Amino acid sequence: MKILMALMGLDIGGAETHVKELSEELSRRGHQVIIASAGGAYVPLLEEKGIRHTEIPMNSRDLRCMVRSMGLLRKLIETEKPDLVHAHARIPAFLCGRLQKKMGFPFLTTAHWVFQVTPLLRLMTDWGQGTVAVSEDIRDYLRTEYQVPADQIRVTINGINTSEFAPDRREDRESLGLTGGPVVCHVSRLDESRSLAAEKLLEIWPALLKEYPEAQLLVVGGGDRQALLETKAAAINEAAGRQTVVMTGPRTDIAALVSLGDVFVGASRAVLEAMSEEKPAILAGNEGYLGLYRQEKLEEAMATNFCYRGAPQITAEALLADLKALLAMSGEERKALGVQGRRAVLENYSVEKMTEDYLAAYDRLLHGEKPVSAVISGYYGYDNLGDDAILLAISRQLSNLKRPVRLTVLSRDPKKTAARFGLKTAARFSPLAVYRALRRSDLLISGGGSLLQDRTSARSLRYYAGVIRLAQRMKKPVILLSNGIGPLDSRGSRELVRKCVSECALVTLRDGDSQKLLRDIGVDREDVTVTADPAFSLTAGPGGREILRDLGVPENRPLLGVSVRRVAGVSGDPGAFAALCDRLSRETGAAVVFLVMQEPSDEEYSREIRQRMEEEAWIAAANGDPETMLGIIDCMDVLVSMRLHTIIFAAKQRVPVVGCVYDPKVESFLKLLDMPSCGTPEALDQEAAVAAVKRLLALDYIAGKRLDNTVRIMEDRTKELSDLLEDYLEKNIP
């Protein structure tokens, strides 16, 4: 392919390095890449690799400059005739979008950041015929702020060249005036929107020197605040009587400079590059602060592409404390943290994976493969975070398949579901709407959760089975996607489910007990696959600790999450739950936090229990966002839960849990996780609950490690599910 990359400039920066690494890897694979930009430090390096650059000043909103740039872009496209144009940043995307409407070339964009949104800037924004986001939260931003359809967005990563950024490099420190003391390294663009971590490092540096007088700070990068920071650095050096702060300005030899540091402070691509060199890192940037990197912070950092959006803001006090703690560690301890970091980069941030993601997006755009139209049926539109997590996870899995899949969700509240997920919807209780959606579709997905069961009610089973049977009569293939089956208490229910499942095109289940139940009721198929609940593919969103802090939850006590629900036919006594929570609070010293998984019912029931308690307790909600609740649960030390998906969320975050069994699916999942139970809502075993919580608080690390082994299997199975779907669509949907 011949690919034209259009971006603002090629000076040092995260998006610019992203384009550089992508272009070099595409070129290595035999594709021809041409870059148009205002130029910068990376141009000579790219030209050395045979990648041509054309200077077009797409870095200014000045109207005359934009008109000139559009003319130059038009000439370039007419001359080179690229197979596709790939724009990065708002101005290049706007200009390319205007030209695409007249010239008709295939046009893709990448969203590297969350832009400011105003009516004028919204008019100047074009996301192309396809969009790639570099993190999940940017994907969500595109859906909510710009209403970009979910099936138009793919998610990729900031690929790191792990061969270039490798450990144990040996570079010359003396050439930069670095002596024998510990070196703290920071790399970033020193513009107002990126320089906060550098400013805080300079703010705390005199205090750090009091304990580590031989330490030096190495700051790499340039920008509109470079001169100001150099003035502050000069004052620090003068007061210290030596060069304790070294500022290099913008450089392209980043790998060599990072190698000079003993520890790294920063965000985005720069911190990933440092981690790739096995540098222990403090996660700090303009968007937020996560502190010292450890394995348990990986998912939260990945959710925002290591930009920490939604995390608490960086403070001088927190940065100084973490930096002192890091420098006080032994060399072996710092080495172990560095090894953790490189492993995370190798597993999640390779340039090869990033390039494969883009090639899949290019292939989809160029070959115009007919999208698959699918209706998805489930418990959607009820403000239930568990089922919303399933829908979010499934929609993301489908959007990242090679073959585009356009979902229509059968929802109780079509408007709210459409706004929340960026998906097409239909009213689930309108027979005409359901029929029309199925008629226009290629297949039905019966999607996630325990849909085929009669414990909730026979009416619920008849609804979900009825949608499946309608699709089957209309000759539409039905995919049973990670379903839990049962309980099935009546003979009629078992026969109805047997008929439905026997005629499904693809059957995947979330647990082995469901597979056994299908065999018991006479479903004789060898192709039934046990996968995992789709929610295991989600990542914790940022800001959980901030939500708890705003609620006034104490930060100096263990946190005990409690998830309760009202269940028809189950006579759980609010007074018994209140007594249990009081005992747990008194005997463990934990702060009790009720977790709202379904609004308003869980909140109302939690308030009823809290009113009967003698000890103080708090109630935390996630504003309808499953990944925010994952972030809240990530702050807990132990959970006590009735709800299955709260247990799944806890397991996902390696938080030990004590289950309250209101349904066989809860008991089954607790056995899978090897986690204890405290009885049923009708017969709470307070002694067992208190003993279990005490034990898990004392052994939280061991319990987390035990969970980790099982959860990794679940996470791998969700990836296998994507492969199954890819294979089925390729072979069966024309």
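Colleague: Which loop is the place of Pro487?
Modeller: This is a predicted model, in which local features need pLDDT of at least 70, side-chain atom pairs count only at pLDDT 80 or more, and totals for chains, interfaces and linings use all residues. Residues are numbered from 1 along each chain as its sequence is written, and side-chain values use heavy atoms, with hydrogens and water left out. A cis peptide bond, with omega about 0 degrees, joins Gly486 and Pro487. With helices (H or I, at least four residues) and strands (E, at least two) taken as DSSP runs numbered from the N terminus, the place of Pro487 is in the loop between β18 (478-485) and α19 (491-502).

Colleague: Which residue is joined to Pro600 by a cis peptide bond?
Modeller: Pro600 lies in the loop between β22 (591-595) and α23 (601-612). The cis bond, with omega near 0 degrees, comes to Pro600 from Glu599.

Colleague: What is the phi of Ala89?
Modeller: Ala89 is in the loop between β4 (84-88) and α4 (90-103). Ala89 is not a glycine, although its phi is positive, at about 85 degrees.

Colleague: Is Asp674 buried, exposed or partly exposed?
Modeller: Asp674 lies in the loop between α26 (664-673) and α27 (686-698), and has a positive phi near 60 degrees. Buried means under 20% relative accessible area and exposed over 50%, with partly exposed in between (1.4 Å probe, protein chains only). Because its relative accessible area is 48%, Asp674 is partly exposed.

Colleague: How far apart are the end C-alpha atoms of helix α7?
Modeller: The expected span of a helix is 1.5 Å times one less than its number of residues. The 16 residues of α7 (residues 196-211) should therefore span 22 Å, and this agrees with the end C-alpha distance of 23 Å.

Colleague: Where in α7 is the kink of about 45 degrees?
Modeller: The bend at a residue is the angle between axes fitted to the seven residues ending there and the seven starting there. The kink comes shortly before the proline Pro206, at Trp205.

Colleague: Is Lys200 buried or exposed, and which residues does Lys200 touch?
Modeller: Lys200 is found in helix α7, whose buried residues include Lys200, Leu201 and Trp205. Its relative accessible area is 19%, so Lys200 is buried. Contact means heavy atoms within 4.5 Å. Not counting residues up to four places away in sequence, Lys200 touches Ile314, Ala316 and Leu319.

Colleague: What is the radius of gyration of the protein chain?
Modeller: The chain has 28 helices and 25 strands. The radius is taken over C-alpha atoms, and the globule rule is 2.2 Å times the number of residues to the power 0.38. For 734 residues the rule gives 27 Å, so the chain is as compact as a globular protein of that length, with a radius of gyration of 27 Å.

Colleague: What percentage of the residues in the protein chain is buried?
Modeller: The C-alpha atoms fill a box of roughly 80 × 65 × 45 Å along the principal axes. Of the 734 residues in the chain, the buried share is 59%.

Colleague: Which residues have the most contacts inside the largest nonpolar core?
Modeller: A nonpolar core is a set of buried Ala, Val, Leu, Ile, Met, Phe, Trp, Tyr and Cys residues joined through side-chain atoms within 4.5 Å. The largest has 100 residues, and those with the most contacts inside it are Ile445, Leu548, Leu560, Phe594 and Met629.
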